[in-house]
Amino acid sequence: MSKQRLPVSSGSGVNGLHGGDVMKAAKLYGGEVADWLDLSTGMNPEPWAVPVLPQTTFEQLPYEWPEFRRNAIAYYGREQLLAVAGTQAAIQALPNVLPCLPILLPGVGYQEHHRSWRAQGAEVIFYPSLAEAQACTAIEAALAETSAQHLLVINPNNPSGLTFAPAELLRWAERLSDGACLIVDEAFIDVTPEQSLLSHVGAGHDWPENLIVLRSFGKFFGLAGIRLGFVFAASALREALERWLGLWGVNGPAQYVASLAFTDSGWQQQQRRLLPQASSATRALFEPLLSLSNDYGEVRLQAEKPLFNSYVMSSELALELQDFFAKQAILLRVVALDNQRSLLRVGLLPSCVQRQRRVRDTLAAFIARKNKIDDIAHRVIG
Ligand SMILES: Cc1ncc(COP(=O)(O)O)c(C=O)c1O
């Protein structure tokens, strides 16, 4: 296997691997793609099981199927939706259809938002996004200075786990001036739908003109490959987005699969129970990481979320871990926080015992190696 390291991706920059790029990892480190264990994403490792699809879903041009729309409305509980080919498509399109105003973005967060607004030439202002109090203070201060700016919130934040109360978000939306929007990316909220803004925006009332909520199908259902997401917004904005995105955005198989998955409420309830358990089990498995705290600066758990965990540590340690795991064909994600610290994001482990053992053994070997290096160093110094 090659000695080349995976690139670190910056929280606000544009370099680095996307989560889940096992192809690239296998190219760098070797091994069969199928043998890699991907812990670099925040996707449900036990996806909704896709049945055999009718041939017609592939044959017909994918105009929106009424049943697909009906089932999506029933699942999300709001009808002001536009289906898109993954929220990524909306993230790329939004700066083209919204007024060109400065935008407040989380300093650490899914970097495609930054990339899209930057590409449109918008002025980007970052707010801290590791701790709630700091984030709120910075957003309040920025809004006090001017209300003529968009505000983007990832709730919960990937990868920092930061969450905001819906009431707080709606208060901020009210303070924005005409044309300025609150965009809330809820890609990871499906396990706790009661925290979604969709549960808090008055049912039966008009959708607030300046509120945009993004929902991703791929994370909770574990089916990112079908490329499906939803934009909830006022009708004028949905129409503008639809015009910009063009015809046949959501393919027929995706509409068919999602229609079925949306109605499988038994599976959804089961996952809402199981995913937090899988997340705590993954945290317990990675607990030994915290023992590296003293010698390598602080290692702390930043977030335990239903679809991922994240740890703050020195960038040196995070990259060593990523490299060590990649040599065992296990992919982790490192996001740079600043010149010295990084965030290590760990996706949920599948329930397969062998795979869990592989991760436990790899972590134990890493810690043993670090302790051995320390012992030698102490003996040399002593
Ligand atoms: C916060 C966030 N929003 C949106 C996306 C894109 O998701 P989708 O698969 O719906 O395009 C991601 C992907 O990782 C994400 O982390």
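Colleague: Which residues come nearest to the ligand?

Modeller: Thr87, Asn158, Asp185, Ser216 and Arg227 come nearest, out of 13 residues around the ligand. A residue is near a molecule if one of its heavy atoms lies within 4 Å of it. This is a predicted model, so local features need pLDDT of at least 70 and side-chain atom pairs count only at pLDDT 80 or more, while totals for chains, interfaces and linings use all residues. Residues are numbered from 1 along each chain as its sequence is written, and side-chain values use heavy atoms, with hydrogens and water left out.

Colleague: What kinds of residue make up the shell around the ligand?

Modeller: Start with the classes. Ala, Val, Leu, Ile, Met, Phe, Trp, Tyr, Cys and Pro count as nonpolar. Asp, Glu, Lys and Arg count as charged, and the others, Gly among them, as polar. Here the shell divides into five nonpolar, five polar and three charged residues.

Colleague: Which helix gives the most to that shell?

Modeller: Helix H4, residues 87–97, with three residues. Helices (H or I, at least four residues) and strands (E, at least two) are DSSP runs, numbered from the N terminus.

Colleague: What polar atoms face the oxygen atoms of the ligand?

Modeller: A polar contact is a pair of N or O atoms within 3.5 Å. Within protein, one must be able to donate a hydrogen and the other to accept it, and residues adjacent in sequence count only if both atoms are side-chain atoms. For the ligand, a side-chain N or O atom of Thr87 lies 2.6 Å from a ligand oxygen. Arg227 places a polar side-chain atom 2.7 Å from an oxygen atom of the ligand. Gln88 uses a backbone N or O atom, at 2.9 Å.

Colleague: How much of the ligand's accessible area does the protein cover?

Modeller: On its own, the ligand has 400 Å² of accessible area, and the protein covers 91% of that. The method is Shrake-Rupley with a 1.4 Å probe; for residues, only the protein chains shown count as cover.

Colleague: Where is Ala329, and is it buried or exposed?

Modeller: Ala329 is in the loop between helix H12 (315–326) and strand E12 (330–331). At 9% relative accessibility, Ala329 is buried. Its phi is also positive, near 60 degrees, in a residue other than glycine.

Colleague: Why do residues three or four places apart in an α-helix point the same way?

Modeller: Take helix H6 (residues 132–145). Its 14 residues reach 20 Å from first C-alpha to last, close to the 20 Å expected at 1.5 Å a residue. The expected span is 1.5 Å times one less than the number of residues. Buried in H6 are Ala135, Cys136, Ile139, Ala142 and Leu143. They fall within an arc of 135 degrees seen down the axis, so they line one face of H6. The arc is that of the directions from the helix axis to the C-beta atoms. The face turned away from the buried side carries the exposed Ala133, Thr137, Ala144 and Glu145.

Colleague: Which residues of helix H3 are buried?

Modeller: In H3 (residues 66–76), these are Phe68, Asn71, Ala72, Tyr75 and Tyr76. Their arc is only 120 degrees around the axis, which puts them on the same side of H3. Pro66, Arg70 and Ala74 are exposed on the face turned away from that side. Ala72 is at 0% relative accessibility. Its C-alpha is 9.0 Å from that of Phe230, 158 residues apart along the chain.

Colleague: Which side chain does Asp264 contact?

Modeller: The side chain of Trp48, in a polar contact at 2.9 Å. Asp264 lies in the loop between helix H10 (252–263) and helix H11 (265–286). Asp264 is partly exposed, at 28%.

Technical notes:
Buried < 20%, exposed > 50% of the residue type's maximum accessible area, 1.4 Å probe, protein only.
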